[in-house]
Amino acid sequence: MLPVMMQRTAQKGSAGRACRKPVLHIVLLSAAFSALSQVVLTLFCSVFDMGLEIEFLPEVVVLACFLFSHCAGWTSNVRKVSITNPVIDKVAFDAGRKPSPAPPAGDDMSPKELCNTSLEESGDQVEPTWRLRTGMCAIGRSHTEGIAPTVSTFEGVMKSCIMRRRVEPALKLFDQMLEDGVGHDAHLIGKSIVDRFFNLVAENLDAARLRRDGLSLFKVVEAHGLAPSTRIQNHLMVAWKSRPPKTVVNYLLRMRSAGQLLSRLSYFCIIISSERSDPALVLKLCDELQSLGIQPDKVAYNAVLGSCCQLGMYDEAGVLFEQMANHGLIPDVKTYRIMLNVSAQNKNFEEAVAFFETMRELGFKPDRQDYHNVIYSCIGLQRTKHAVELYHDMVRADVVPCKRTVAVLTTACQASALSFSAV
């Protein structure tokens, strides 16, 4: 009985606070009515020469009216509070009738446990918890009894997971969608709820699960009438360490063709993945980024430089390399290798040799392609002797020369009457 008494006391307190506001108005009206009645009574007594035995009658009438109206107002507010809080009354009644057993942890409950557990919370926590449990019960029965959950059931569970940050029920609901599919009317769920719910799912899926079910997550979100948000895209790109497979890249490209918004990281991942397969697309996406006011990072710049080299756009590559310095991006070993190749292919031999020397000064270890480009550039500059020295440096560095390097250097040594033997 103690919880019931506490509940009723709380209700009365709420009613008392609610009825204090009109009390001041009643007091002022009573005072005004009393003053007016006193004036009228004085005039009446003077005209009809009556005594003063009823002089205080208006005050008595006013006091009675005041007490009656005050009690009536307090009673109506108590009734109003009782009607507008049926869930709290139920909690108080259940608590007073018998204690409920301690429920299992909310995030670890199965749909059946969520259904059978009594309400242990109060206030604003009751509604989302009750909605989550009843919704999970209805969804759980879809397997055993073949009862298809309604859209409002899914929406209620999603909203409860968002409000209470219930991760496990959210992931269970996502698994249910992957297993049973999404209803044709799922797009009727509120867009804000869908976006926040699937952001919650994406934030709490580990990298392995995202790599496995990332595309399915995209498709489930689209089945609810929304495009995957930039946050969901970024979570998937991070899980793939910015190098998603071709299937994911193609899906992102279809989103782009449909006019859907791609995240900055998604743009970078497409650029990096398409450097060798579609260099023209890389340059187009780079232009899109700059039109959106997004500056590529160093990795994306390297992919664009490599695409320019493949397409023979050597002058454009030089301009982009200068832009990197202007934006404060420090070139790495891949940047110097691309620019060394660009300079050699464009027959800027002095520039190629300078890039090679800069690489060695910075401690970058040249590979066989770098040595080939610098040896080819030295031969183009009629520095065959220096080319032979670079060849021996390559051998001492345990870098295996390619056949074309040996062929080019042998031909140049024969033309210069220098002795050369490949090691």
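**Chain overview**

Modeller: Among contacts (heavy atoms within 4.5 Å) in the chain between residues at least 6 apart in sequence, 64% join residues at least 24 apart. This is a predicted model, in which local features need pLDDT of at least 70 and side-chain atom pairs count only at pLDDT 80 or more, while totals for chains, interfaces and linings use all residues. Residues are numbered from 1 along each chain as its sequence is written, and side-chain values use heavy atoms, with hydrogens and water left out.

Biologist: How many helices and strands are there in the chain?

Modeller: Helices (H or I, at least four residues) and strands (E, at least two) are DSSP runs, numbered from the N terminus. By that rule the chain has zero strands, and its helices number 20.

Biologist: Which residues touch the most other members of the largest nonpolar core?

Modeller: A nonpolar core is a set of buried Ala, Val, Leu, Ile, Met, Phe, Trp, Tyr and Cys residues joined through side-chain atoms within 4.5 Å. Buried means under 20% relative accessible area, exposed over 50%, and partly exposed in between, with a 1.4 Å probe and protein chains only. Of the 423 residues of the chain, 38% count as buried. The largest nonpolar core has 88 residues, and those touching the most other members are F197, F198, L217, I375 and L409.

Biologist: Where does UniProt list "repeat: PPR"?

Modeller: UniProt positions are given in the numbering used here, feature names are shortened, and annotations may be inferred rather than shown by experiment. The span 150-184 is 80% helix and 0% strand, with its end C-alpha atoms 11 Å apart. The span 297-331 is 74% helix and 0% strand, and its end C-alpha atoms also lie 11 Å apart. The unreviewed entry in UniProt lists residues 150-184, 297-331 and 332-366.

Biologist: At what angle do helix α6 and helix α7 pack?

Modeller: The contact is made by F154, V157, M158 and C161 of α6 (residues 151-164) and P169, A170, L173 and M177 of α7 (residues 167-180). Axes are lines fitted to C-alpha atoms, for helices over the stretch in contact, and angles run from 0 to 180 degrees between N-to-C directions. The axes of α6 and α7 are 9 Å apart, and the angle is about 145°.

Biologist: Which residues does F197 contact, leaving aside its neighbours within four places in sequence?

Modeller: F197 is one of the residues that touch the most other members of the largest nonpolar core. With neighbours within four places in sequence set aside, its contacts are M158, C161, I162, A170, L173 and M177.

Biologist: How many aromatic pairs are there?

Modeller: Rings of Phe, Tyr and Trp (its six-membered ring) pair if their centres lie within 6.5 Å; planes under 30 degrees apart count as stacked, over 60 as edge-to-face and the rest as tilted. The count by this rule is seven.

Biologist: What kind of pair do F218 and Y251 form?

Modeller: F218 lies in helix α9 (residues 207-223) and Y251 in helix α11 (residues 246-257), 33 residues apart. Both are buried. Their ring centres are 5.6 Å apart with 40° between the planes, and the pair is tilted.

Biologist: Is F364 buried or partly exposed?

Modeller: F364 pairs with Y336, with centres 6.2 Å apart and planes at 40°. Y336 has 10% relative accessibility, so Y336 counts as buried. F364 has 24%, so F364 counts as partly exposed.
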